[in-house]
Amino acid sequence: LEALLVVYALAINENLILLGLVSGIGAAIGEMVAYAVGRAGVGLAQKIQKKDLHLFGTLQEKIDKHGPIGVFVLLLLPIPFDLVGIAAGLAKMNPFKFFLATFAGKTVRYWIILYGATAGISFLLRFFGAAS
């Protein structure tokens, strides 16, 4: 998704702050599905591989201990975020707090990616003399 977001930002050349906010809202809404799966817990333990079960336990402990701040920080790590959503659901985290933490974390992540990528591409274009 991040690569498509960067391509879109470069194509439309619009406000990166607004694009990050809108993308963050969409991502937070989408992550509520993983949260709901975790909250329901329907047959989840049977479908999880043993190595992932340990990861879920670790994620659930972090979410129990740190709450929304833990979710926000986990968003910045290179792990599949659906695992965090499921773990938050299993931990019975408040759904509104999960949504807000996901929105904030995803928005910050997208801003970092958008500004970093556009600055990097602008630098490369200037470096190779292709910028107008």
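Predicted model: local features only at pLDDT ≥ 70, side-chain atom pairs only at ≥ 80, totals over all residues.
The protein chain holds 6 helices and 0 strands. Its pattern along the sequence is α-α-α-α-α-α. Of the 132 residues, 33% are buried. The accessible surface amounts to about 8100 Å². Carbon and sulfur atoms contribute 68% of that surface.

The largest nonpolar core comprises 18 residues. Within this core, the residues touching the most other members are Ile-63, Val-71, Val-84, Met-93 and Phe-98. At least two residues of the core come from each of H2, helix H4 (50-75), helix H5 (81-90) and helix H6 (95-127).

Val-84 illustrates the packing in the largest core. Neighbours within four places in sequence were set aside. Val-84 then contacts Leu-59, Ile-63, Val-71, Leu-74, Ile-79 and Phe-98. Of these partners, Ile-63, Val-71 and Phe-98 are named with Val-84 among the residues that touch the most other core members.

Ile-17, Leu-18, Leu-21, Val-22 and Tyr-115 make a nonpolar patch of about 430 Å². Helix H2 (residues 16-40) supplies 4 residues, the largest share of the patch. Ile-17 lies in helix H2. Its relative accessibility is 42%, so Ile-17 counts as partly exposed.

Notes:
Residues numbered from 1 in each chain as written. Heavy atoms only, no water. Buried < 20%, exposed > 50% of the residue type's maximum accessible area, 1.4 Å probe, protein only. Areas by Shrake-Rupley, 256 points an atom, 1.4 Å probe, with all protein chains shown as cover. Patch = residues over 30% accessible without salt bridge, like charges linked within 9 Å, V, L, I, M, F, W, Y side chains within 5 Å. Salt bridge = Lys/Arg side-chain N within 4 Å of Asp/Glu carboxyl O. Core = buried A, V, L, I, M, F, W, Y, C linked by side-chain atoms within 4.5 Å. Contact = heavy atoms within 4.5 Å.
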